[in-house]
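Hello,

I am passing on a structure that may be new to you. Please open it first, and then read my notes below.

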Amino acid sequence: MAVASDALKANITTLGPLVADAEQLLFFETLVRKKLFKMKLKPYIPDFKLAFEHFSIHAGGRAVLDELEENLQLSDWHMEPSRMTLHRFGNTSSSSLWYELAHSEAKGRIRKGDRTWQIAFSSGFTCNSAVWRALRTIDPAKEKNPWMDEIHNFQVDAPKVSAI
């Protein structure tokens, strides 16, 4: 988890400037204090919910999802596509991101203009991101994807991993 956290920090530093103005100031202030004044501060994690409507987090395991949910302060609603993908398909590596996006589409959550942040982890340990903007509202009744026939069967409570 520590290596994944370091990889994600580098990614967040790159995406930090994309969030709202007030968040940008707090992010910049923390960065200046750390770099110029050599202060030992925890990195400021912007509220990415201000920049993105949807999050698609590599479903590599419940511990990974729990950690990112806590660090990014995401809700159960934001985490549902990742948790249900892990429940239904298991750890399918980075391809889980597409099952997660399909889950959101099947639920009718994707609206024109919505932004989705896909976060994937890979060997080495690297963290990669893609940000997508919906060009149209997705009508689940008119789309085909791996969730459509069974989307309502996957309202499963996927409990968080308990701390040891």
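Leu41 is partly exposed, with a relative accessible area of 31% (buried is under 20%, exposed over 50%, partly exposed in between, with a 1.4 Å probe and protein chains only). This is a predicted model, where local features need pLDDT of at least 70 and side-chain atom pairs pLDDT 80 or more, while totals for chains, interfaces and linings use all residues. Residues are numbered from 1 along each chain as its sequence is written, and side-chain values use heavy atoms, without hydrogens and water.

Leu41 sits in the loop between helix H2 (21-35) and strand E1 (54-57); helices (H or I, at least four residues) and strands (E, at least two) are DSSP runs, numbered from the N terminus. Together with Leu36, Phe37 and Met39, Leu41 forms a nonpolar surface patch of about 410 Å² accessible area.

The largest pocket has a volume of about 560 Å³. It is lined by 21 residues, and Lys9, Lys42, Pro43, Tyr44 and Ile45 are the closest to its centre. Helix H1 (2-15) and H2 are the elements that give two or more residues to this lining, and H2 gives the most, with six.

The second largest pocket holds about 220 Å³ of space. Among its 14 lining residues, Glu105, Ile110, Ala134, Leu135 and Ile138 lie nearest the centre. Here helix H5 (96-106) and strand E3 (126-133) are the elements that give two or more residues to the lining.

Best wishes

Conventions
Patch = residues over 30% accessible without salt bridge, like charges linked within 9 Å, V, L, I, M, F, W, Y side chains within 5 Å. Areas by Shrake-Rupley, 256 points an atom, 1.4 Å probe, with all protein chains shown as cover. Salt bridge = Lys/Arg side-chain N within 4 Å of Asp/Glu carboxyl O. 1 Å grid on protein atoms, 1.4 Å probe; cavity = no way out; pocket = protein on both sides within 12 Å on 5 of 7 lines; lining within 4 Å. Points joined across faces, edges and corners; volume = space filled by probe spheres on them.
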